[in-house]
Amino acid sequence: MNAPTKIETTLKDWETDQEVRWCPGCGDYAILKAVQRTLPQIGADPANTVFISGIGCSSRFPYYIESYGFHTIHGRAPTFATGAKLANPDLDVWIVTGDGDGMSIGGNHTMHLLRRNLDCQIMLFNNEIYGLTKGQYSPTSRVGTTSPTTPAGSIDRPAQPCAFALGSGARFVARGFDVSKNLPDVLIAAHAHKGAAFIEIFQNCIVYNKDVFDDFAAPKGAEDRQLWLEHGQPMLFGSEKTGGVKGITLNHVTCGLEVVDVVDGDWEAANVLVHDKANRLIAHMLVEMPFGPFPMALGVLYDDPRPSYETEVVAENARLAAGKEPNLAALLAKGQTWTVE
Amino acid sequence: MASTAAGNPDTTLPVSNPEAVVVRFAGDSGDGMQLTGGQFTLSTALAGNDLATFPDFPAEIRAPQGTLFGVSAFQINFGSTEVDTAGDAPDVLVAMNPAALKVNLPQLKPTGLVIVDTGEFTKRNLDKAHYETNPLEDGTLAPYDVLALNISEMTLEAVKPFGLGKKEALRCKNMWTLGLALWMFDRDRKPLHDWLKGKFAKLPEIADANIAALDAGHAYGETAELAGPLQQVHMDPVPSKPGLYRTITGSEAVALGLVAGARLLRLPMFFGGYPITPASAILHHLAKLKEFNVTTFQAEDEIAAICSAIGASWAGSLGVTSSSGPGIALKGEAMGLAIMTELPLVIVNSQRGGPSTGLPTKTEQSDLYQAVYGRNGDAPMPVIAARSPGDVFECAIEACRIAVDYMTPVMLLTDGYIANASEPWKVPDPESFERAPVEFLTEKNAVDAEGNPVLLPYKRDEKGARPWIKPGTPGLMHRIGGIEKDALTGNISYDPDNHQVMTDARHDKVSGVSLPDQEVEVGEAGGKLALVGWGSTFGPIHQAVRRARKKGLDVSHIHVRHLWPLPGNLGELLKGYDKVLVPEMNAGQFKTVLRDQYLVDAQPVTKTTGQPFTIAELEAAIEEALG
């Protein structure tokens, strides 16, 4: 967030003259379009918008958005974003990263960006694989992922980006996926949040990890497998057509979430939770909610702003500078001096 | 309570106007020796003597008390003529405990004066210092003048009226010692009184106790002189250029130089840093200068520190980062990006002993290769080395200027010695550095075939520099990055010929940086021998060459500030000497650069003990080369 004046643009205004070079059918295309749809909706100003990325397939993103773009080095996009935003707090900063870039080589920076709460949007494209280096397993790959570096299947347990983000102090955590029609709404909510907004976007790598998200992202059966969270609305999924409406409730004995059947639409009788986006405790449960026994939690999981880092830095700099004359001659002659005649 | 001269009766301190005296204060790292040295330095400066200092302290913050590895020392060389080294061997050693005596005695001049606190020479402390017998009694000190005083007891006595606990009272020992030193060199106590009152403004009884200790030490000197063993030394002030003076350390000078550099360019400064010895002090200084449009950012690591600075430069600030060798190594990839994206950046490297963690608190010049060559790809970058604390100021301004004029990262090399040492500094007039503000590109800078205005982010000016375009500028949206770019549009280009063009452009831009011709510091342009130095070896080389020339030897001193690119005339200049010696505190790095660039038979004089060269070492090297 931070467009002082809203600008009228169309999707076309956000396209560059560069040939898009992702593999045909890559989920990145859908995300690019979703972003190019979102930017006119939020009234973004191309001159004031910056896209900063690290290294990887997703990090080519800035070349395809007609704004200021900086394709930096592996894992470090959050640090360039921090410097740029501190130097010019009026910039509207978008960070594009991936599961390898943001959770592996750059995990440290992701953590510190979130705890500082720099005002920006962080889109982490999670395809659970290293695409640009030809298919090695990534920190978010599921156990047993076969890849050139794990011919017998991977052993290490995957990182959970949203749980990591929340644990790092994020004040906005959301999830979406590449071809979802809801993705622009998630991005609009992220942009409206003043502070660091973390969005995990599941993205289909059709070459090295094809359809790995199909178990919840495929259109068929989506209603039963996706829980789209909406503030103030009950956490419901499924439908009468597909075997019944279900809801998420809190078991007060185990202090854990449970799936319950909702009979005749009476979700209150079933004690279904109403999503409160500012409830950090429930947010912790939602980001950890295992897919399989539960649906995939999507949408804005958590949104509770706190003062953003650059705002506080600017205020602190002003406070420390208040009443002091920036007199270079006086500064150079500070301390005990003596004069030679 | 004061015993006296146990050894050599001949005092070595010339009491009337000696040319220079070297005093070394040594004690436990908790004894406040750096503070004592710092205040003695200030009083020396106020007395108008020239000086150079050498703080020498352990990496441990509070090493176990009384141990050999916990000894902290501060050496100062001051004189009535020009001084530019911290001195070879001390004339006076103040040893606050047995460990300090053991570690520092070997450096003391034969027949030098030792002042010891006998109160600390207990069995326990002697054991900790691995002394089997008491050196005050076993003849160890026979070659020296000795002033053995129970400083601990006299301090306790002096501060009794203030009701401090014993531990707190003993903390005033360093002020007692300083008081004695002030008397010995006939110094004014008032600035110290003022300083103590300011420092302990909130704890007036501590201020009073310290002042009482200081005065008691001073009074002891007066009394002792009457009794015989000690005499006051009078030293004339140095005739220096008229003007306003202060003392300055290299770290302060970096901070001030950067502030001045950014202001002369009319740019806000962004400083991204991560704590590392001995570079942290720069961040400490700048954090207090927010009114100069300085933003400081303590990053999560060295990489974040440099990358945030590059991000800030991209957004239109002057990005600066600083570190020491191991941190600079981490920043290497990001420097490559700054070279590739051609953004201004200043990187300050306060070198320390290496490799790896090496010797964090000791000085070395072993990052020259790292500075000049230490990146992947053909990645040329200007490198400037400062010779002394005061010189850092000008070098920092120059680094800012080159970074912005040529749209390039610039590395400024200092070292642990320069960072911590202080020297008198003639306060410059900021007006004398005046310069035009930076111009950002605000409109498209070319036209296409149809005559429509277009933006070419990599179109170069006559210096080979591309324009600086701030995000936020309407109509100039474009993308930059670390992938090779088209020579004009900046778009990704894998074209082989374009990569050749861009590699050449980056090389030519840096090698074409406009530099002043190399001058000869001392001696002639040509002759039998040149000593070619860079960085903090200036002092010892300068003095050694001066002394050798006084003896009639044909030797000159050349000191190089611009290590990359090298000054245009340096190759020809070096060819005018029969022999070229390159003294440096590494295994011979600059020697190799000179051989490579000029095919000159440069011979190394190297030292990597963590201590600066002594003048005597270099005099010996000169004599050997000419012998």
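Modeller: Let's start with helix axes: they're lines fitted to C-alpha atoms over the stretch in contact, and the angle between two of them, taken between N-to-C directions, runs from 0 to 180 degrees. In chain B, helix H1 (residues 33-46) and helix H7 (residues 190-199) pack at about 140°, with axes 10 Å apart.

Biologist: What makes H1(B) oblique to H7(B)?

Modeller: Under 35 degrees is roughly parallel, over 145 roughly antiparallel, 65 to 115 roughly perpendicular, and the rest is oblique. An angle of about 140° falls in that rest, so H1(B) is oblique to H7(B). Bear in mind that this is a predicted model, where local features need pLDDT of at least 70 and side-chain atom pairs 80 or more, while totals for chains, interfaces and linings use all residues. Residues are numbered from 1 along each chain as its sequence is written, and chains are lettered from A and ligands numbered from 1 in written order.

Biologist: What about H9(B) and H14(B): why is the pair called roughly parallel or antiparallel?

Modeller: H9 (residues 250-264) and H14 (residues 389-405) of chain B meet at about 30°, with axes 7 Å apart. That makes H9(B) roughly parallel to H14(B). Their contact has 15 nonpolar, four polar and two charged residues. Among them are Leu256(B) and Gly257(B) in H9(B), and Phe393(B) and Arg401(B) in H14(B).

Biologist: How do you know how many helices and strands chain B has?

Modeller: We count DSSP runs from the N terminus: helices are H or I with at least four residues, strands E with at least two. Chain B has 20 helices and 23 strands, while chain A has 11 helices and 14 strands.

Biologist: Does chain B agree or disagree with a compact globule, and why?

Modeller: The radius of gyration is taken over C-alpha atoms, and the globule rule is 2.2 Å times the number of residues to the power 0.38. For 627 residues the rule gives near 25 Å, and chain B has 27 Å, so the two agree. The C-alpha trace of chain B spans about 95 × 60 × 45 Å along its principal axes.

Biologist: What makes up the contact between chains B and A?

Modeller: There are 58 residues from chain B and 48 residues from chain A. H11(B) gives the largest share of chain B's side, nine residues. That side divides into 33 nonpolar, 16 polar and nine charged residues.

Key
Two residues are in contact if their C-beta atoms, placed from the backbone, lie within 7 Å. Ala, Val, Leu, Ile, Met, Phe, Trp, Tyr, Cys and Pro count as nonpolar, Asp, Glu, Lys and Arg as charged, and the others, Gly among them, as polar.
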